[in-house]
Amino acid sequence: MLSSRELTPERVSEILTLATELENEDPLERATRLAKRRIALLFYESSTRTRTSFELAAKGLGADTTLVSSLSSSIEKGETLKDTGLTLKALGAEAIILRHPSSGAPWLLERETRLPILNAGDGMHEHPSQALLDLRTVLNHLRPGETHVTAETLAGVTVAITGDILHSRVARSNMILLPRLGARVVFCGPKELLPDLAAQAGPGISVERNFERALGEAQVVIMLRIQAERLAGLQLDLEEYKTGYQLTEARLAAFAPRALVMHPGPIIRGLELTGEVADGPQSAILEQVHHGVAIRMALVYRALTAVGVGA
Amino acid sequence: MSTILIKGGHLIDPASSVDGLRDVVLKDGRVAEIAEPGKSSLGKGKAGPETTIIDAKGLTVAPGLVDIHVHLREPGQGHKETIATGTAAAAAGGFTSVAAMPNTTPANDTPEITRWMQAPERGASVRVFPIGAATRAIKGEVLTDYAALKSAGAVAVTDDGHPILKDSIMREVLINATRQGLSVIQHAEDTRLTGGCSMNAGPTAFRLGLRGMPPEAEYGLVERDIRLVTELSMNGKGDKNGQRPHLHVAHTSTARAVAAVRQARRNGLRVTCEVAPHHFLLTEEHVGAYDTNAKMNPPLRSAADRDAMIQGILDGVVDAIATDHAPHAAFEKEVEFERAPNGITGLESALGLSLRWLHHEWKLPLGRVLSLLSAQPAALLGLRGRGMLAVGSFADVVIFDPGAEWVFRAKDSRSKSKNTPFDGWTMQGRVRWTISEGRVVFQAETVG
């Protein structure tokens, strides 16, 4: 799976149902599902949550996994993505889980290897498994027990995504998936991190510069980290940013006292949100991490059992 | 040299406004005669055995095409293209004159390199007109020797992909080029606004997570250059010797850049521009799933910009169609979109695309299309005797079947590289013969 664009409500339902089934399955039984199948994790960027949960997911299904990261591999010596992919394929990999700093890299890898590729984050573009685990978290709170979703499941729900939208692949995957299930996405942030044209990015998306107004509309608040590694020379006044967009206990209490607070991580305490909010009762941040394993088990399983190329 | 009689064809020569059945006699590399059908000195069986007779019945006979913007990659980048392969592709596309950009390795910034590019050892099929670097090593700092470049055969100066940003340097370039009677070609891109960018700025770039080049990076520099030309043109009267600078804007891609050129011309300035087929046919949407064959600089723009290119061609503000033929090896393009080099090939698809779209679809008269591909670009760079078929001009001819539809296949290209977004596109107007200075340099295999 390369993009949230592939996710119709039917597909999402299948994935959510499978995730729950696998999560509830006896671990020994589950480990026979992909016993000794080979899956490569190819990571050109650092990662804690995504890498670990994909690895645990694959291993939970019994697969052999191998991790290739840009440091400590021939990538350092100048090997191209195409050649690294073909090498992994020759080693018996049946699917590749790719994280890469260049937008679109999974498409290149799929074209060149003809293997199922799971996009674990490509540049500023997409992070579809994150969108799915975010969805599972949201459903758990707003529509408990629901695994069958339709275009109306999240009707009436507003999700405020705040912070560094411009550089965020999480924002882009969520802005596609959430409106497909009926939710409204409100992007919030300063112009430098959220261009006006984001409002034209698809149906159900709008831009609100005022954070408190955005909070007031939202049942779900997703906070994003400022991606220092992608700012490309952009100078930001962090104090000004915090004044405008930091999620504090006071703001939360005043404008969104019942909203669910989420964050794809890594969180920077004291910047986009305070430590008290991260650890507070409205926070579902660790719950998101937890859902990652079940979702990724479902994605890995589908990738290796789907008919034809690509999951 | 042999004699060629092209008989029975429909001659279209925009430069002399001929549009009708004519026989054409080529002798010693020049056009010797243009006559009513059967009325030439070689007509009615008077041709001797040394005369090659080309039966052009039902075909269009036109001046060999002129592409003023190609990258032949030599010296130094022979894995992408050589002068031999690039000009073979030109011949297959109906081109008999190509102006080669100086961003080679090393850059063409000396008369030695300029001469080397034109030497017979390069094995060129068609005439190569080198364009000299405007500054040493195209670094935008120290001017090259324009007099020496010109006497070695350079027809213009440019720093092409490394636009000259400093006003003071650009002013100096314009002054010195004007003194030598050379045109200044600018690849208009304010690179201070395009760092790390790999496509056009806008909703598509946002959606794809790619950094975008804002249109103002192009038109901003065009407007700056026109300001400089205005200052140096002394209100259209030229400098004290009556010489006026000629600014040519390469591969125009934004509506505002075309508008700026239009206004400059109304103000009596010598400002010209070219448009590449991909900019009048494709939009940023063609990047699709990160197709590196849709990556070039300037990038594919919005539909509104694309429409402005078509409008500019139809209403005459655009002076030439130029391909920006930019070959890259397959391995160089099989990489992440952001890392892929800019550029696509264009020599073998330009005529077919122009005839299909500009002529058949948008109803630009055939003569106008051919003029944009021959007479106008030749005049623009002062290529005497090129882009026209009058007695005495060079025997550069393209003979094509104007009605033939065919499918362009990148794998069949004569270019060393196959990086084109037009693979599999239907073209109109199949080239049957290309003649360069009296030599047949291309002949279609399926002639029958």
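This is a predicted model: local features need pLDDT of at least 70, side-chain atom pairs count only at pLDDT 80 or more; totals for chains, interfaces and linings use all residues.
The buried members are Arg169(A), Val170(A), Ala171(A), Arg172(A), Ser173(A), Asn174(A), Met175(A), Ile176(A), Leu177(A), Leu178(A) and Arg180(A). That makes 11 of the 12 residues of α7(A), so the helix is largely enclosed by the rest of the structure. The length of the helix was also checked. At 1.5 Å a residue, the 12 residues of α7(A), residues 169-180, should span 16 Å. The end C-alpha atoms are 17 Å apart, which agrees. Gly182(A) follows α7(A). The phi of Gly182(A) is positive, near 100°.

Chain A is divided into two domains. Domain 1 covers 4-126 + 292-305, and domain 2 covers 128-289. Their C-alpha centres lie 25 Å apart. Domain 1 of chain A brings 25 residues to the contact, and domain 2 of chain A brings 25 residues. On the domain 1 side, α1 (9-24), β4 (117-122) and α12 of chain A each supply at least two residues. Helix α1(A) gives the most to this side, with 8 residues. By type, the domain 1 side divides into 10 nonpolar, 10 polar and 5 charged residues.

The largest nonpolar core has 231 residues. Phe187(A), Val221(A) and Val157(B) have the most contacts inside this core. Helix α12 of chain A, residues 285-305, gives the most to the core, with 9 residues. Domain 1 and domain 2 of chain A both give residues to this core, so the core lies between them. The surroundings of Val221(A) can be listed in turn. Leaving aside neighbours within four places in sequence, Val221(A) is in contact with Ala160(A), Thr162(A), Leu215(A), Leu247(A), Ala256(A), Ala259(A), Leu260(A), Val261(A) and Met262(A).

Arg136(B) lies between β9 (132-133) and α3 (146-151) of chain B. Arg136(B) has 17 other C-beta atoms within 10 Å. A buried residue needs 20 or more, and an exposed one has 12 or fewer. Arg136(B) is therefore partly exposed. Not counting residues up to four places away in sequence, Arg136(B) touches Asp109(B), Glu141(B), Val142(B) and Thr144(B). Arg136(B) and Met296(B) are 160 residues apart in sequence. In space, their C-alpha atoms are 25 Å apart.

Terms used
Residues are numbered from 1 along each chain as its sequence is written. Chains are lettered from A and ligands numbered from 1 in the order in which they are written. Helices (H or I, at least four residues) and strands (E, at least two) are DSSP runs, numbered from the N terminus. The expected span of a helix is 1.5 Å times one less than its number of residues. Two residues are in contact if their C-beta atoms, placed from the backbone, lie within 7 Å. A nonpolar core is a set of buried Ala, Val, Leu, Ile, Met, Phe, Trp, Tyr and Cys residues joined through C-beta atoms within 7 Å. Domain bounds come from an automatic or database domain assignment. Ala, Val, Leu, Ile, Met, Phe, Trp, Tyr, Cys and Pro count as nonpolar, Asp, Glu, Lys and Arg as charged, and the others, Gly among them, as polar.
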